[in-house]
Amino acid sequence: MPVNPNVNIAVRYFEALRSKDLRAVPLATDEVMESPVTPRLTGMASVLEYLEALASIAKTIRTLDFIAEGNKVVVQFEIETADAVIPGFDCLEISDGLITKLRPYFDARPLTNGVAPSR
């Protein structure tokens with residue numbers, strides 16, 4: 001079965017986050033993002049600001065699995081910070097090689113409480 005080409009876009013997104021080279025994130029200019037810890041963000045500048053904050057606390061980001069169908073890719077990941085390992089999923093919608101919607105799902109308690117067990 002051929003690999004959905006949108007998986008490659010998701011891989012590029014996570015590689016950019018992991019390397020903290022956010023200029024390489026393949027975002028659409030009218031990107032929309034909703035997260036458990038932010039209001040709805042619209043536009044590349046707002047989303048990149050959020051991603052910069054995320055990248056700044058991440059020691060590493062591991063991708064565990066990719067599920068793709070059509071223009072949607074779901075990625076299971078772990079973000080390792082100094083205080084915790086945060087498991088989660090990102091749901092990405094992709095059009096013309098760019099991420100148009102980003103919806104992360106994760107346990108926000110380690111970020112909001114400042115206390116979480118590590119592995």
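In this predicted model, Ser35 has a relative accessibility of 10% and therefore counts as buried, since the limit for that class is under 20%. The residue belongs to strand β1, which covers residues 27-35, and a polar atom of the Ser35 side chain lies 3.1 Å from the backbone nitrogen of Val37. When neighbours within four places in sequence are left aside, Ser35 is in contact with Tyr50, Pro104 and Phe106.

A search of the whole structure finds one cavity of 30 Å³ or more, and the largest cavity holds about 90 Å³ of space. Its lining is made up of 14 residues, of which Leu54, Phe77, Ile79, Asp90 and Pro104 are the closest to the centre. The elements that each give two or more residues to this lining are the helices α1 (6-19) and α2 (44-57) together with the strands β4 (72-80) and β6 (98-106). By class, the lining has 13 nonpolar residues, one charged residue and no polar residues.

The charged side chains come next. Side chains of opposite charge can pair when their charged atoms come close. The structure holds six salt bridges, and the table lists three of them, with the distance between nitrogen and oxygen and the relative accessibility of each partner.

| Salt bridge | N to O distance | Accessibility of the Lys or Arg | Accessibility of the Glu |
|---|---|---|---|
| Glu34 and Arg40 | 3.2 Å | Arg40, 52% | Glu34, 29% |
| Lys59 and Glu80 | 3.7 Å | Lys59, 56% | Glu80, 23% |
| Arg62 and Glu78 | 3.1 Å | Arg62, 25% | Glu78, 13% |

In the pair of Glu34 and Arg40, joined at 3.2 Å, Arg40 counts as exposed at 52%, whereas Glu34 counts as partly exposed at 29%. Lys59 forms its salt bridge with Glu80; because Lys59 lies in the loop between α2 and β3 (60-69) and Glu80 in strand β4, this pair ties together parts that are 21 residues apart in sequence. Here Lys59 is exposed, with a relative accessible area of 56%, while Glu80 is partly exposed at 23%.

The side chains of Arg62 and Glu78 meet in a salt bridge at 3.1 Å, and this pair also links distant parts of the chain, with Arg62 in strand β3 and Glu78 in strand β4, 16 residues apart. Arg62 counts as partly exposed at 25%, whereas Glu78, at 13%, falls under the 20% limit and so counts as buried. Lys59, Arg62, Glu78 and Glu80 are linked in a network of salt bridges.

Strand β3 also holds Thr63, which counts as partly exposed at 28% relative accessibility. Thr63 and Arg40 are 23 residues apart along the chain, and their C-alpha atoms are separated by 24 Å.

Key:
Residues numbered from 1 in each chain as written. Predicted model: local features only at pLDDT ≥ 70, side-chain atom pairs only at ≥ 80, totals over all residues. Heavy atoms only, no water. 1 Å grid on protein atoms, 1.4 Å probe; cavity = no way out; pocket = protein on both sides within 12 Å on 5 of 7 lines; lining within 4 Å. Points joined across faces, edges and corners; volume = space filled by probe spheres on them. Helix = DSSP H or I, 4+ residues; strand = E, 2+ residues; numbered from the N terminus. Nonpolar A, V, L, I, M, F, W, Y, C, P; charged D, E, K, R; others polar. Buried < 20%, exposed > 50% of the residue type's maximum accessible area, 1.4 Å probe, protein only. Polar contact = N/O pair within 3.5 Å; in protein donor to acceptor, adjacent residues only side chain to side chain. Contact = heavy atoms within 4.5 Å. Salt bridge = Lys/Arg side-chain N within 4 Å of Asp/Glu carboxyl O.
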